[in-house]
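Could you walk me through this model in my viewer? I would like to know what to select next and what is there.

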Amino acid sequence: MNQSQLIKSLKPKYKEFKVSLFLLKKNRLTKMALYGVVLLVLIAIIVPILLPSAQHIDQDANPQQKLLQPSLRHPFGTDELGRDVFKRVLLGTRISLQTALIAVGMALLIGVPLGAVAGYFGGFLDEIIMRFTDIFLGFPPLLLAIAIASFLGPNLRNAMLAIAISWWPWYTRIVRGQAVSLKERQFIKASKAIGSPPRKIIFKHIIPNCVAPVIVQASMDIGGVILTIAALSFLGLGAQAPAPEWGLMVSTSRNYFLNAWWYSVFPGLAIFFTVLVFNLLGDGLREILDPKTRKN
Amino acid sequence: MSERPYLHIKDLKINFVSYEGEKTVLNIDEIKINKGEAYGIIGESGTGKTVLALSILQLLEMPPGKIVSGQILLEGDDLLKKTQRQMQKEIRGKKISMIFQDPMSTLNPVFTVGEQMIKVIEENQKLDRKQAYKKAVEMINTVKLADAERVMNKYPHELSGGQRQRVIIALALSCGAEFIIADEPTRNLDVTIQAGILKLIKNLQRNLNVTVLFIANNPGLISATCDNAGVLYKGEIIEKGTTREILRNPQHPYTFTLLNAIPKNKDTKIDLSKVIPPNDGEEIKEGCIYYNRCLKKQESCKKQQKLLNVKDTHYVKCSLFREGVNNEQ
Amino acid sequence: MSSNILEIKNLKKYFPIKSGFFSKVSAYVKAVDGVSINIKKGEVLGLVGESGCGKTTLVNTVLNLIEPTEGEVIFDGKEMFTLNKKDLRDIRKYIQIVFQDPFWSLNPRMLVKDIIGEPLDVQAGMNSLEIVPKVEELLEMVGLPKEGVYKYPHEFSGGQRQRIAIARALALMPKLVVLDEPTSSIDVLSQAQILDLLGKLKEKFDLTYILISHDLSVVSYMSDKIAVMYLGKIVEYGDSRKIFENPKHPYTQALFAAIPDINTERIEDIATLEGNVPSAINPPKGCRFHTRCPKAMDICSKDEPKLITLSDGRSAACHLMK
């Protein structure tokens, strides 16, 4: 494809984007959620550049100033080692977002093609894939993640893997359902009549038409995954000290909760805010991506 | 003017609001339907047929819909002034019933036909269950469904498309509806089934004095069932009168084109010079709605068009008619 | 070498009905039950019948989307179901289809260039540099501006979408095109234009059409030959003009009489056919139409009439024809 062709084929996509933007503007709650997400992403990118690294904060820590109340100098107070909680909460944004994105990304990478294959081919293959996902869905996701994480060994990377492994079956289900109804559509039949191989039909016709519900689900899941990572870290199965991970912070803060409420509350609020914002965004996207709303 | 018509639509204008701004989807000067008459609306998809049907019942979604002006008088009562609650209590299903294209969406899939009918009859006519059952069977017989008692025990999905449509008509009648709006009721049905439904609707109109508003894109269906009809184009009635007059002696260039575009047989080729491509030509803000597709357009068409009298029973919204241009067709 | 582009010989397609936990086959739906038709090159065959009569199954077999239970389909001298995968893929490009609803037949998430370009990519292995000019050419051929290349289907009207579908079908220069209700979801004016376009393209590229439509006026306008199907069988087959002027089989007669047109003045002028189409799982014995036939005789419920050729060249399956 040459350049002018590329530009021309991007134009209609841009037009679609503008429609989405228009719908977004009409929906105030979603707009706010989007601003929230943008804010979080900016924090995740910029803060680690501006602030000294986590280790630096650790070295900076002054045991004399441990568990100080929130003040102008330490807006969120300090922790048991005298580290600034505000800075650590900000630094934690990147860890949470990054892990959640990668975990959901991996789950998508496994779940979506499997679902498309199951739905498109049907029959025996479908049975096998879907019964396999049923096994996974039989466990509560957190429990499964805990089991896998403790089996793999407690660190952030393994927690991520554990979450991806316990999360993909949800996408498989969604995509399979879509694929089953899509495969009866005439454009799939037309493609078959042309002689397109199944690989092309799945990647060009089925998966692109499943995008909307998957995006909605994924953006809501990011909230859930962040919560799960925090939970794993809280249980000691995720991030390890001294990483500034929210769940870990909440976990350590338990010991000091009675005399230093800020130490638990602010990381907790960060988790709450992030999860809320992603859930609201997902909810709004559901409406925006709905073809019925787009038509008018 | 002698009698008051049963349904009288006056200056009805409905807009749709979208992100591109407001657009007029319906702009009807006047439709009069007498009691016990079958009135046809001929119109292609996207001309506002369904909007018209829904707005009579106040079932139009608002927004995007917006009623700018007008009245819909049912026996002198303005339906647009009624609240949703009043519509539900007095009009919908009681006086006016609607038959949709897709009968499956009207019936509840989890109840048998009988249960649904009995429930509606019980509620509407204050009968006990036994009497309601009797009445339901009677109604199913009226719509000529064989084996009424067996049909009662079936679920909607167990019936064929034609049978479902008959059940809907039976439901409409069982509430004592005296006015039926049929929005392309035979669209997805086979021709043999279609013939049956058409006959049924026609018989109800003739024998039970039911008033019918029949909406279709196929002029043939209107021709077979309706006494009077209007041609809808982009939300405006551009020609109206007796069905015979409109179809035999079309005066508006659009009606003429529409009738000529229907294929007849192998040896009569459609003259495409009489069927020009859609939206080919300049857009005008005022004036004739058909301007940009019209083959006979002139300067005078850019002025506001009025319904002109061809005969007592035939009106056309085309200023060219006066100038005799359309006679050359 | 015959001039037949397609020969269908005694084609049968039975769909098994499975019941119970162990998926035992309890019965068969006889969707197509012994159909033979020959289509000459350059001919338009109209396929007529109520829903469930087996039209779609018949066409899907021809398109090779499903395997028949029995019978042969010979396309351009080659028996399709004995071909290996590669030859089959090659032959596929010569048989294309245009579907009824142009809204569902075009992938809403693809640009027109990718929709029409798909067959060029899959079958001809063209790269995107070669595809775009070719798609532009195809668009102009079906009467659309070539700027449409970089648009989504939803930016077009129903009639225009159907043109896109036609362009896609013609991209590989097929020999046989199946038109499955090509105009039933677009308005009358667009229909006239599409029919005109189809006629011109047929002349230009020497195409053969199989036209399925419930709108008999369209069938009569387009077809050279007509096959009327009822419950998986052909009941009348022959020259389109002759059949429309003077239908012989009672079912054909009933079908034609049921349609109102703008000359129908009274509801009494259209005829209804009593009853519903019987189930294809257990079709009636004897003539399959005898349960609804106004002219049924004793013999009709006992013996099944064969498709016999009449003096004027058409064939019909009815005991009255003897």
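Start by selecting chain B of this predicted model and colour it by domain: domain 1 covers 36-49 + 82-233, and domain 2 covers 249-328.

Next, bring up chain C alongside chain B and show the residues in contact. Chain B supplies 34 residues to this contact, and chain C supplies 35. Which elements of chain C give two or more residues to the side that touches chain B? Select helix 6 (188-205), helix 7 (216-222), helix 8 (240-245) and helix 9 (250-257) of chain C to see them. Helix 6 of chain C contributes the most here, with seven residues. Now colour this side of chain C by residue class: you will find 17 nonpolar, 11 polar and seven charged residues.

Stay in chain C and pick Met80(C), in the loop that runs between strand 5 (78-79) and helix 2 (85-92). Is Met80(C) buried or exposed? Met80(C) counts as buried because 22 other C-beta atoms lie within 10 Å, where the cut-off for a buried residue is 20 or more. To see its contacts beyond four places in sequence, show Asn64(C), Val73(C), Phe75(C) and Ile91(C), each touched by Met80(C).

For a last stop, select Leu255(C) together with Met80(C). These two residues are 175 residues apart along the chain, and 33 Å separates their C-alpha atoms.

Methods:
Residues are numbered from 1 along each chain as its sequence is written. Chains are lettered from A and ligands numbered from 1 in the order in which they are written. This is a predicted model: local features need pLDDT of at least 70, side-chain atom pairs count only at pLDDT 80 or more; totals for chains, interfaces and linings use all residues. Domain bounds come from an automatic or database domain assignment. Two residues are in contact if their C-beta atoms, placed from the backbone, lie within 7 Å. Helices (H or I, at least four residues) and strands (E, at least two) are DSSP runs, numbered from the N terminus. Ala, Val, Leu, Ile, Met, Phe, Trp, Tyr, Cys and Pro count as nonpolar, Asp, Glu, Lys and Arg as charged, and the others, Gly among them, as polar. A residue is buried if 20 or more other C-beta atoms lie within 10 Å of its own, exposed if 12 or fewer, and partly exposed in between; C-beta atoms are placed from the backbone.
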